[in-house]
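Colleague: I have a model open and would like to learn how to read it. Can we go through it feature by feature?

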Amino acid sequence: MKNYRIGIFGLGTVASGLIKILKKEKINYQNRFNVNFELSQVVVHDLQKKRAPEFDGLNISDDPAKIIEDPAIDIVIELIGGKTVAKNIIEESLQTGKHVITANKDLIASEGRKLSRLAKEKHVGLFYEAAVAGGIPILRSLSNSLASDEIEQINGIVNGTSNFILSQMRQNKISYAAALKTAQEKGFAEADPSNDVDGIDAAYKLQILADFTFGKQINQRDIQMGGIRTITQADLQDVTDLGYEIKLLASATVISNKLELSVAPTLVPKGHPLASVQNENNAVFVNGRYSGGLMFYGPGAGEFPTANSVAADLIELTKKIDQPESFNTNFSSDLTLAKPKDRIASRYIVFNVANRPGVMHKLSAFFLMSDINFRNIRQYDPVGDNTRVVIITYPASDAQLNPVKTTIRKARGVEIIHEFKLLIEPKEVTNA
Ligand SMILES: NC(=O)c1ccc[n+]([C@@H]2O[C@H](COP(=O)([O-])OP(=O)(O)OC[C@H]3O[C@@H](n4cnc5c(N)ncnc54)[C@H](OP(=O)(O)O)[C@@H]3O)[C@@H](O)[C@H]2O)c1
């Protein structure tokens, strides 16, 4: 039996779940994997905080050195979140030759490559399955089961808060503000929900997914970003009538060696598996050249699902511990980032149009200028002097659409309210 000593930073939601799992599954892990995990030390921020009685008897301190400088601790688990302190903890732990497991998406999105290089240099493991889609084993599936495949596209619903808000808006026919309030009351959204509703949290996860899948280090500025704040009941009604659901999708697509990245509200056809993902659940849909379309679905957060991903990292680490070269692969590809001419999609565009003769004709002429054809056009009853007009285009590139938008911005009587893409699969782009 191999014995591993563990130090955990944090005793919040995920760390509590992990400690409970390790206690409950101790004998199971001994029998199945021939390993014994011994929790040597927990380090928290506030020593005065009252802890659950089940944590009585743990060694709890507020001194990071109790873990980092203890040569007997083999594995450090960072579950405090944030960037600065967590980065120092992980760097110092790796420097002293300790393996590290974390669930910290913000940090891994920006520093993952650097930290993985350090881990490789020190012949130790750095694992972070829980950082993307909490309880869904997506990173390990990509690096193990799908390693033989050529992945063409990934589409993820990886932010449970925004998916909950959109689901509530559609199911209960309520406004964005009312759905956000429900999400806050249920503890799914923070007082300042910006990270979730503006796509920032999903972008962190997309950075990690894209690096893992396509071997490309991504900056957040390389991702076309959009959030859900402006979505209205009128949009949901349109979209439902047209046979779609709106989802905040984190997408990475490779077409002709170009990588296109976006986090944006996207129209997903009702028959697509991603359309059925409701409320706080997460899902990642992977299009592989050989495996076809696979969906990974489940809880994207929560005490036990997330802690289980951390525990799975522990087991994986101990299985590989005698082959340190297999820990961190440093996979790199020569993909380049897609340019506006490579970004092809059908769009759902909502306009506010002056209710007077000739304006619709003018609007059509703007699109004709860039050779963009309409697949569907809807004009609503006027409200006051204006009319809501919705256009769905055939696939067109950003390079075609951008000049149209510039012209519209300068024109009188036509205003773009917002624009969402339709989910488009790689083969549709190739044929467009
Ligand atoms: N919650 C989820 O469902 C979920 C899902 C996926 C990923 N994650 C990630 O998992 C990580 C942990 O999340 P969580 O929800 O468990 O957080 P949490 O409930 O807020 O707990 C954070 C813990 O970290 C401790 N802490 C904060 N600053 C510290 C410091 N400087 N030194 C030592 N300890 C410190 C806190 O100590 P005190 O108890 O003393 O305040 C607390 O116990 C984050 O990176 C998060 O993004 C969470």
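What follows is a short walk from the whole chain down to single residues.

Modeller: Keep one thing in mind: this is a predicted model. Start with the whole chain, then move to details.

Colleague: How many helices and strands does the chain have?

Modeller: The chain has 15 helices and 19 strands.

Colleague: What does the radius of gyration say about the chain?

Modeller: Compare the chain's value with the one for a compact globule. For 432 residues, that globule would have a radius of gyration near 22 Å, and the chain has 24 Å, so the two agree. Along the principal axes, the C-alpha atoms fill a box of roughly 80 × 45 × 35 Å.

Colleague: What share of the residues is buried?

Modeller: Of the 432 residues, 52% count as buried. The accessible surface comes to about 19400 Å², and carbon and sulfur atoms account for 49% of that surface.

Colleague: Which share of contacts joins residues at least 24 apart?

Modeller: Take the contacts between residues at least 6 apart in sequence: 73% of them join residues at least 24 apart.

Colleague: And charge? How many positive and negative side chains are there?

Modeller: There are 50 positive and 49 negative side chains. The centres of the two sets lie 3 Å apart.

Colleague: Now a single residue. Is H99 buried or exposed?

Modeller: Use the cut-off: under 20% relative accessible area means buried. H99 has 10% relative accessibility, so H99 counts as buried. H99 sits in strand β5, residues 99–102. Beyond its sequence neighbours up to four places away, H99 touches D74, I75, V76, H123, V124, G125, L317, I321 and F327.

Colleague: How is a pair of aromatic rings described?

Modeller: By the distance of the centres and the angle of the planes. This structure holds 8 aromatic pairs. One of them joins F164 and F188 edge-to-face, at 4.8 Å centre to centre with 65 degrees between the planes. That pair links distant parts of the chain, 24 residues apart: F164 is in helix α7, and F188 is in the loop between α8 and α9.

Colleague: Which residues form an aromatic cluster?

Modeller: Y4, Y29, F33 and F37 form one.

Conventions:
Residues are numbered from 1 along each chain as its sequence is written. This is a predicted model: local features need pLDDT of at least 70, side-chain atom pairs count only at pLDDT 80 or more; totals for chains, interfaces and linings use all residues. Side-chain values use heavy atoms; hydrogens and water are left out. Helices (H or I, at least four residues) and strands (E, at least two) are DSSP runs, numbered from the N terminus. The radius of gyration is taken over C-alpha atoms; the globule rule is 2.2 Å times the number of residues to the power 0.38. Buried means under 20% relative accessible area, exposed over 50%, partly exposed in between (1.4 Å probe, protein chains only). Contact means heavy atoms within 4.5 Å. Accessible areas come from the Shrake-Rupley method with a 1.4 Å probe; for residues, only the protein chains shown count as cover. Lys and Arg count as positive and Asp and Glu as negative; His and the chain ends are not counted. The place of a charge is taken as NZ of Lys, CZ of Arg, CG of Asp or CD of Glu. Rings of Phe, Tyr and Trp (its six-membered ring) pair if their centres lie within 6.5 Å; planes under 30 degrees apart count as stacked, over 60 as edge-to-face and the rest as tilted.
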